[in-house]
Amino acid sequence: MSQIGSETNPLRVAIVGAGPAGFYTAERLFKEKSIHVTVDMYDRLPTPFGLVRNGVAPDHQKIKSVTKIFDRLARKPEFRFFGNVELGTDVTVEDLRDHYHQIVYTTGAQTDRHLDIPGIDLKNSHPATDFVAWYNGHPDFRDYEFDLSQESVAVIGIGNVAVDVARILCRTREELMETDIADYALEQLSQSKVKEVYMLGRRGPAQAAFTPPEAKELGEMAGADAVVLPEEAELDPLSQASLADADRGTMRNIEIIQELAARKLSGKPKKLTIRFLVSPTELIGNEDGEVVAMRLVKNELYQTETGTMRPRATDQVEEIPVGLVFRSIGYRGVPIKGVPFHERWGVILNEKGRVLDAASNEPVLGQYTAGWIKRGPSGVIGTNKPDAVETAECMLADLAEGKTLAPTHPEQEAVADLIQSRKPTFVSYDDWVKLDELELAAGVEAGRPRVKFTRVDDMLKALGKA
Ligand code: NAP
């Protein structure tokens, strides 16, 4: 057999997870002109693009245009998409080892970080990640129910996901019509009785996790006033002292927050209050087990030995009436059976993207990872590019040293036969292109950018595969 990476024996790579990290890994591999590579990308959903489709806020259509780059890659003859194929159910890691020289896990962070306070599991208390997946039309979440008949909602956390959730709750029907939000979410949010939304930050304005463009957007909503309590916009002495080393993003956040604090209510139907230095300590329920209020404690900041500002509870407490709660304190990775996992960090055990054996801490031959399941749930879509490049370069270096798997069936047809036998309803990239065209056409009819398929069955029916 000729050398791996030659024209007659191309490097065969399986990428599991069709989000940005997967596509950026493929992009870097295809850029390597000295070798021949073929990539098969798997996703458990029939649709590609991961969080760009199911996570990015629907009113951020511009961000979604990154899919044009991914689409160009996917149309290469060396690329195949096996959608609707789940690792662990339809194929196993063993199957992949039998068919590929290298495997890359780019499965993202599929669940949320837990918040351990009394009452957190009451009715109408949800992970924000569920709500995000719901309004984006993720098939696993489309039938979830959120009680939008409540007037008062709290979002715990002030990262960009919390901002997305708060903004979507505040948007008018007209604003939502300009988005590709799931059609059922558009209807339910249009009928929503929500009037008051709180975003709760446990630290101060100088430590806010949101980024300035997202913060600024909160002050520009058609149907909601964004407010900050003037006393909470003031910096405490520790934060004030830290400004000398602050980056531009922090300085701009502070400016935006103080500008919001100086505003008067303009009388818009909804109000979004961004709170600082408060932590929820308990959710209070009624006799039906539904949340009716939240207990908060006021925090003060202290500085750790490493210079980080941490919140510490004071004895000042308050209660706010809320009938719906979203906790938005970060995503978390989910382990893949047979792949070493760091439980505390919620990531695949790895070094620069090389999967590490849990016992020996040595690289596991032929297995790699990129994106949130490699480094944790941080950064914007573009952050995944350098992250994926790092992984792809480890893969290329290992190939140069002959460190690859030795699959028994490296032929492209062998894996196609396997998938055909295991999951005849798999979705190819050509199939996805058809779904995409149908969604865009439905969008034109509805006067919106796109109307999404939100049930796998409907997608398969549209493809004649049901
Ligand atoms: P994040 O940026 O890490 O924010 C998490 C928030 O939860 C922070 O405000 C954090 O406060 C708070 N938090 C954590 N533990 C808490 C606790 N026990 N009690 C109260 N609050 C707690 O995470 P994210 O919002 O899920 O976003 C994930 C990544 O996606 C981020 O990098 C984000 O920028 C990115 N993203 C970007 C966009 C965009 O570009 N438009 C949109 C969505 C997401 P502390 O700071 O005090 O820890």
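**Exercise 1. Determine which residues Thr 391 is in contact with, leaving aside its neighbours within four places in sequence, and describe its setting.**

Solution. Begin with the contacts, where contact means heavy atoms within 4.5 Å: once neighbours within four places in sequence are left aside, Thr 391 touches Val 104, Lys 352, Gly 353, Tyr 368, Thr 369, Ala 370 and Lys 374. Finally, the side chain of Thr 391 reaches the backbone oxygen of Thr 369 at 2.8 Å. A polar contact is a pair of N or O atoms within 3.5 Å; within protein, one must be able to donate a hydrogen and the other to accept it, and residues adjacent in sequence count only if both atoms are side-chain atoms.

The model is predicted, with local features needing pLDDT of at least 70 and side-chain atom pairs counting only at pLDDT 80 or more, while totals for chains, interfaces and linings use all residues. Residues are numbered from 1 along each chain as its sequence is written, and side-chain values use heavy atoms, with hydrogens and water left out.

**Exercise 2. Work out where Thr 179 lies and whether it is buried or exposed.**

Solution. Thr 179 belongs to the loop between α7 (173-177) and α8 (183-190). Its relative accessibility is 1%, so Thr 179 counts as buried. A polar atom of the Thr 179 side chain lies 3.1 Å from the backbone nitrogen of Ile 181. Not counting residues up to four places away in sequence, Thr 179 touches Pro 58, Asp 59, Gln 61, Arg 448, Pro 449 and Arg 450.

**Exercise 3. Describe the surroundings of Asp 164, and find the side chain with which its own side chain makes a polar contact.**

Solution. Asp 164 is found in helix α6, and its relative accessible area of 11% is why it counts as buried. The side-chain partner is Arg 167, at 3.2 Å. Leaving aside neighbours within four places in sequence, Asp 164 is in contact with Ala 57, His 60 and Tyr 135.

**Exercise 4. State how many residues surround the ligand, and which helix gives the most to the shell around it.**

Solution. The ligand is surrounded by 22 residues, of which Asn 160, Arg 202, Arg 203, Glu 214 and Gly 379 are the closest; a residue is near a molecule or strand if one of its heavy atoms lies within 4 Å of it. Helix α6 (residues 160-170) gives the most to this shell, with three residues. Taken alone the ligand exposes 910 Å², and the protein buries 81% of that; accessible areas come from the Shrake-Rupley method with a 1.4 Å probe, and for residues only the protein chains shown count as cover.

**Exercise 5. Find how many aromatic pairs the whole structure holds, and classify the pair of Phe 146 and Phe 326.**

Solution. A search of the whole structure gives 20 aromatic pairs. Rings of Phe, Tyr and Trp (its six-membered ring) pair if their centres lie within 6.5 Å, and planes under 30 degrees apart count as stacked, over 60 as edge-to-face and the rest as tilted. One of the pairs joins Phe 141 and Tyr 144, tilted, at 5.0 Å centre to centre and 50 degrees between the planes. Phe 141 is buried at 15% relative accessible area, whereas Tyr 144, at 36%, is partly exposed. The rings of Phe 146 and Phe 326 have centres 5.9 Å apart and planes at 50 degrees, so this pair is tilted. Because Phe 146 lies in the loop between α5 (128-135) and β7 (152-156) and Phe 326 in strand β14 (residues 324-327), the pair ties together parts that are 180 residues apart in sequence. Both Phe 146 and Phe 326 are buried.

Conventions. Buried means under 20% relative accessible area, exposed over 50%, partly exposed in between (1.4 Å probe, protein chains only). Helices (H or I, at least four residues) and strands (E, at least two) are DSSP runs, numbered from the N terminus.
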